[in-house]
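Please look over the sequence and the model before reading on.

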Amino acid sequence: MIFENFASFRSSGFTPTVVVIGSGPAGVTISRKLAAAGIPVAILEAGGAEYSDESQDFYRGKTVGDPYFDLDVTRLRYFGGCSNHWAGWCRLMDAVDFEPKARVPDTGWPIRRSDLEPYLDEVHGILDLVPFRDDVPISEDIRWVQLIKSPAVRFAEKYRSEIEQGANIALVLDSYATELQGDGSKVTGAAVWSAGKAQGTLAADYYVPCTGGLENSRLLLWSNERSNGGVVPHAEALGRYWMEHPQFEGGNAIMKNPDQFEMDAVSEAFFSPSAEAMERTGIMNFGVRFIQMPYSGAKRLLAELACVAPESAEWASESVGSRLRCAAQLYVSWEQAPRRENRIVLSSTERDSLGIPRLELHWRKNEIEHRTLLEGLRLFGKTLAEKDYGRVRIADWILNGDPYPADQELAGNHHMGGTRMGDDVKKSVVDRDQKVHGMANLYVGGSSVFTTSGQCNPTTTIVALSARLGDHLARRIGQSAMAR
Amino acid sequence: MAPARFAQAVTRRSIVQVLLAVPALALFRQHAAPAPQERPDELVEVNGWILKRSELA
């Protein structure tokens, strides 16, 4: 069932056992699992069925620290959420990403990759993926990894019909859950604003915010402030340990044999470090995106010339009527160490049109990030030279320790952390089942629960975690019903 | 050989190959040839390039 606003949902008489907030990949995946198990679930979507400037305006905010994207552009507030603009790149986080690392404080998830692997078949179906192949070590230090460029499932398009026809699932559009109300042990209701006015409170047995890696923290921070700590009783880590995947052009390469590695449809291949190399060099995980320029013959020679003598190449390029770049470009995106000071807070001065504080993102890269970029490129370059696959040139700004270029991609639009998973209530918000510490009926879905970020695009891991959470909730609700 | 005939005889590919070689030589010439005890396969970093020492000769 799909309702245009909260009033029409109310008049339907549908009584949900679970309220999911947000209709992106996490919210839709969890809700579909519950509905399939026969559990009535309502999804509150603050936006409408389509993009609107009015809805996006609620996402405006401020970033303090390193340059970052506008906060009302880096995410989407309507049915389907960020699946409406993601690129479709898929990979599950590496096993090593879940492990604690003695060299990096506050790493280590309470679950392992093996806890998510049973859900991979399901994830493949949800995201329309072909099976992943295993990583291929090309040296002791470097793996040739697979990053599947999927058709980029738009969750609204793919699942609209299923939701419309579902008897146990209700998507309620234009329904902004402005706050959760709680008594320190359980959530008692969700205040809803819809069609321009307050609609009172929606009560259910369970609540699952899935509003994204920025908004989950904002909703819980505001709810906790309003309820004097009644929604997140252990709030030391709430909003903290926020992470992104910094992403910059790191240099160039010339390959001896361009067919050495199978390139994907747009002539790209991906490489990451071995766990041993990360440990030995003291760096985080990273991914090198190798982009082979599609040149052959004289153009290829010119492109290779551009690597070593750009001025001569420019002159020669003009003589053949082309503007050519170095034979291969290397983009690097990497794992950011989790740091308490990278955090989301409520603005003390700015509020949205309903009077709810806008969010303020405090985010900086630090020394280990630069070291990961530089040493990661060195590991990759050494492997290519040792194996005689090719040669790598590291960009001057990285070698010189210059500031990060402001005219590049900056990061991946990957919002992670803020309600991270862990066993220590001082350093995490949710437990291994994604239940908020100390709360009986409040769970969190999406990338805000990431304890660490790994290096790969997060959607595959988000969907796997959501399938797992959907199963967990369905089991728990089923057991409660049997006990009654 | 007259200039016009020279231009016809030299292919675009060979011009580019020469162009490729000249600046690359200039890049590497400033560095000394490996001493006898240095391993030619040893990796070195020169102007950001990660190369084998033998390539500096």
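In which sense do strand 2 and strand 3 of chain A pair, and over how many bridges?

## A strand pair and its sheet

Strand 2 (residues 18–21) and strand 3 (residues 41–44) of chain A run parallel and are joined over four bridges; two strands count as paired if DSSP finds at least two bridges between them. In this pair, Val18(A) stands opposite Val41(A) of strand 3.

An open sheet of five strands in chain A has the order 1-9-3-2-13, with parallel pairing. Its edge strands, strand 1 (2–3) and strand 13 (206–209), each pair on one side only.

## Basis of the model

This is a predicted model: local features need pLDDT of at least 70, side-chain atom pairs count only at pLDDT 80 or more, and totals for chains, interfaces and linings use all residues. Residues are numbered from 1 along each chain as its sequence is written, while chains are lettered from A and ligands numbered from 1 in the order in which they are written.

## Chain A overall

Chain A has 13 helices and 23 strands (DSSP runs numbered from the N terminus: helices are H or I, at least four residues; strands are E, at least two). Buried residues make up 50% of its 484 residues.

## Phe380(A)

Phe380(A) lies in helix 11 (residues 367–386) of chain A. Phe380(A) is buried because 28 other C-beta atoms lie within 10 Å (buried: 20 or more; exposed: 12 or fewer; partly exposed: in between; C-beta atoms are placed from the backbone).
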